[in-house]
Structure formats: structure tokens, C-alpha cells
Amino acid sequence: MTKKPLIEVKSLQKQFPVYGPFGKLGGVKQTVHAVKDVSLTLYEGETYGLVGESGSGKSTTGRTILGLTPATAGEVLYEGKDLVKLSKSEMRKFRKELQLVFQDPFSSLNPRKRIGQTLEEPLIIHGLGDKEERIEKVFRILDIVGLQKEHYYRYPHEFSGGQRQRLSIARALIMNPKVMICDEPVSALDVSIQSQILNILKALQREMQLTMLFITHDISVVRYISHRIGIMYLGTIVEEACTDDLFAETLHPYTKALFSAVPTGKKQERIVLKGEIPSPLNPPSGCVFHTRCPFATERCRQEVPALREIRPQHKVACHYAEEEKQWSN
Ligand SMILES: Nc1ncnc2c1ncn2[C@@H]1O[C@H](COP(=O)(O)OP(=O)(O)OP(=O)(O)O)[C@@H](O)[C@H]1O
Ligand SMILES: [Mg+2]
């Protein structure tokens with residue numbers, strides 16, 4: 001089966017200006033390079049897992065792809081259009097097809113509205129169905145995410161954390177999206193609830209042929225849910241491969257270190273990285289990982305390594321990915 005690319009992200013960049021104590025009056029102080037250079041493809045009906053440490057730019061990547069924060073540079077190609085270049089009103093057409101499930105579902109639910117109203121609202125805005133059809137649809141979606149009809153009349157504070165996460169999935173689903181970006185949808189939940197939500201997402205993805213970008217810092221979660229995985233470090237993707245290939249062999253020193261911290265079933269040495277993740281206010285020159293990489297050379301300090309395919313569908317951004325001088329797997 002040939003895979004059809006649905007979203008192609010090319011050299012996406014997002015910088016935020018940060019101001020000093022006097023705000024904008026004091027002038028632009030510095031720039032946060034939240035997304036330095038990200039290229040990835042979401043294939044139709046596939047889940048792409050984006051993993052990385054806190055602050056590596058995962059959420060910003062997701063929000064920028066959806067146009068919720070304007071990109072600084074790059075392209076997001078969807079159905080022959082570059083979403084980065086669309087105006088707000090042109091973007092509205094695509095809004096319902098591209099949905100975000102938030103990291104913090106409480107902040108995305110209106111505390112003063114009954115859940116039924118919140119779920120029905122986008123249908124009203126887009127003039128879809130009459131009252132009866134809309135309520136029917138809301139009941140159907142509540143059922144899909146494992147909630148009951150009586151939840152229609154409740155307010156957000158009357159739900160548990162796990163239920164609220166189901167609601168935020170319901171809210172994304174109500175518009176029959178083609179693409180869903182899930183930003184850490186299970187991070188705040190305990191393990192048993194996590195697996196219930198992951199199973200719902202997995203079933204949905206299969207049955208509705210949803211295309212998903214799944215953002216997380218949890219390697220076992222990403223392994224369970226994703227067809228392909230991208231590893232992010234300081235605003236760049238350092239390695240990308242099919243899930244099975246990545247767990248069979250990691251090629252980038254950062255991925256090796258990250259994976260060595262979790263049990264993968266293979267005999268492996270725990271690799272502890274030196275130092276802290278550098279500030280995106282002042283990212284390192286050359287390879288962004290060079291300040292923590294035990295194998296960094298002068299070339300790494302100067303030259304940005306391109307993300308390149310060195311095995312079929314397995315890409316890595318390391319000058320020395322082909323060489324044996326790295327940690328053994
Ligand atoms: N609106 C903003 N203004 C300034 N800096 C921002 C803004 N949003 C994000 N950043 C910065 O951009 C960087 C990337 O943030 P982002 O939220 O994308 O990371 P993340 O990988 O999602 O982290 P986490 O795992 O903690 O959610 C961080 O250094 C963050 O402080
Ligand atoms: Mg985040």
C-alpha cells in the first residue's frame with residue numbers, strides 16, 4: 001500500500017520575542033528559538049509520535065502546524081495549500097478538519113457551559129444539522145469516548161481528570177476532523193486511565209482513518225500509539241523512523257541516551273547525559289546536541305547536520321551516524 005502524504009511540514013520555524021521587565025516599551029530583548037527547523041510528513045491514516053524533553057518545542061510545533069500560532073518561516077502543505085500563508089478567514093475553512101486535543105483539557109473547556117452546549121457549539125457555528133440532529137451527534141460522540149448521555153448536562157468541574165480528557169477528545173471529534181494533533185493527552189493521568197484513553201485514540205484512528213500527530217515525552221506511550229516516531233531536541237528533529245525500526249536500532253546519540261533511561265526489553269547500559277538542555281534563547285551553533293554529546297568534534301560545533309535517510313525510512317541528523325564510534329546499541 002502506498003502511503004498518501006496528508007500534511008507536509010517543510011523547514012518550519014517559530015521564534016518568540018521575549019521582552020525585559022519593561023515589556024515592549026523596553027524593546028525586544030531576545031528571541032526564543034522554540035522551533036528551529038522541523039520537517040515532517042503526516043501520512044493519511046497514520047499516527048506520528050513526536051517525543052522530546054520538556055521545552056524541546058513539541059507543543060509549539062503542533063500549534064504552528066495548525067496555525068494557532070503563526071509560523072516565522074517554512075511551509076505546512078495541506079490539500080495543495082500552504083497553511084502558513086493563509087489568512088485567518090481562509091484558514092477557517094480548514095479549521096474543522098484540523099483539530100487539537102490539548103495538554104490541559106480544563107483550560108479548553110468553558111467552565112460556565114454545560115458540556116453538551118460546549119460540544120454542540122461548533123456544529124451551530126458551522127450550521128450543521130438541526131437541534132435534534134446536533135444532540136444526537138453529541139450523544140454519539142460521548143458514547144465513542146466512553147461517556148454517558150447524562151454527562152451532556154454537567155459542567156466541566158463535575159468531571160474527573162480522565163473524563164475531562166475524554167471530553168477534549170470528544171470536542172475535537174465532533175467536527176469529523178481529518179487530522180488530530182494530540183498534545184500530551186494522557187500525561188496527567190494515572191496509568192490505567194492512560195491506557196483507556198490510548199485505546200480509544202487507537203480505535204478511533206483505525207476506524208475513522210484519522211491522521212494523528214501525537215505529542216508526548218513518554219517513550220512507552222509513543223511506542224504503543226505511533227506508526228512512526230520523530231525525536232525532538234531543542235527545536236529540531238534529530239531522528240525519525242518507523243516505530244519498530246527505531247526500537248530495533250537507534251542511530252542518534254541523543255535517542256540512545258533517551259531510550260537508555262526506559263526499559264525496552266533489550267540489554268542496555270544506562271547513558272547519562274552531561275549538563276542541562278541548553279536554553280532556546282541561545283541555542284548552540286552547529287549540531288544543537290554538541291554541548292552534551294560525548295562524541296562531538298569541531299565539525300559538530302560548526303556545521304548543522306542535515307536530517308538524512310541512512311536506512312530505508314530511517315533518518316538521522318548526526319554527522320557520524322554511519323560510523324562505529326558511537327555507543328553500541
Ligand atoms: N508564547 C511563548 N512566548 C515565549 N516563549 C515561548 C512561548 N511558547 C513557548 N515558548 C518557549 O518555547 C520553547 C518550547 O516550548 P514548547 O511548549 O513548545 O515545549 P514542549 O516541548 O511542548 O515542552 P513540554 O514537554 O514542557 O510541554 C520553551 O523554551 C518555551 O519556554
Ligand atoms: Mg508541550
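Let me begin with a cluster, in which F139, Y152 and Y153 are linked by ring pairs, where rings of Phe, Tyr and Trp (its six-membered ring) pair if their centres lie within 6.5 Å, and where planes under 30 degrees apart count as stacked, over 60 as edge-to-face and the rest as tilted. Please keep in mind that this is a predicted model, in which local features need pLDDT of at least 70 and side-chain atom pairs count only at pLDDT 80 or more, while totals for chains, interfaces and linings use all residues. Residues are numbered from 1 along each chain as its sequence is written, chains are lettered from A and ligands numbered from 1 in the order in which they are written, and side-chain values use heavy atoms, with hydrogens and water left out.

By this ring rule, the count comes to seven aromatic pairs. One of them joins Y78 and F94 edge-to-face, at 5.6 Å centre to centre with 80° between the planes. This pair links distant parts of the chain, since Y78 sits in strand 4 (residues 73-78) and F94, 16 residues apart from it, in helix 2 (residues 88-95); helices (H or I, at least four residues) and strands (E, at least two) are DSSP runs, numbered from the N terminus. Y78 and F94 are both buried, meaning under 20% relative accessible area, with exposed being over 50% and partly exposed in between (1.4 Å probe, protein chains only).

Y233 and F289 also form an edge-to-face pair, with 5.2 Å centre to centre and 85° between the planes. Here again distant parts of the chain are linked, with Y233 in strand 9 (residues 228-233) and F289, 56 residues apart, in the loop between helix 9 (253-260) and helix 10 (298-302). Both Y233 and F289 are buried.
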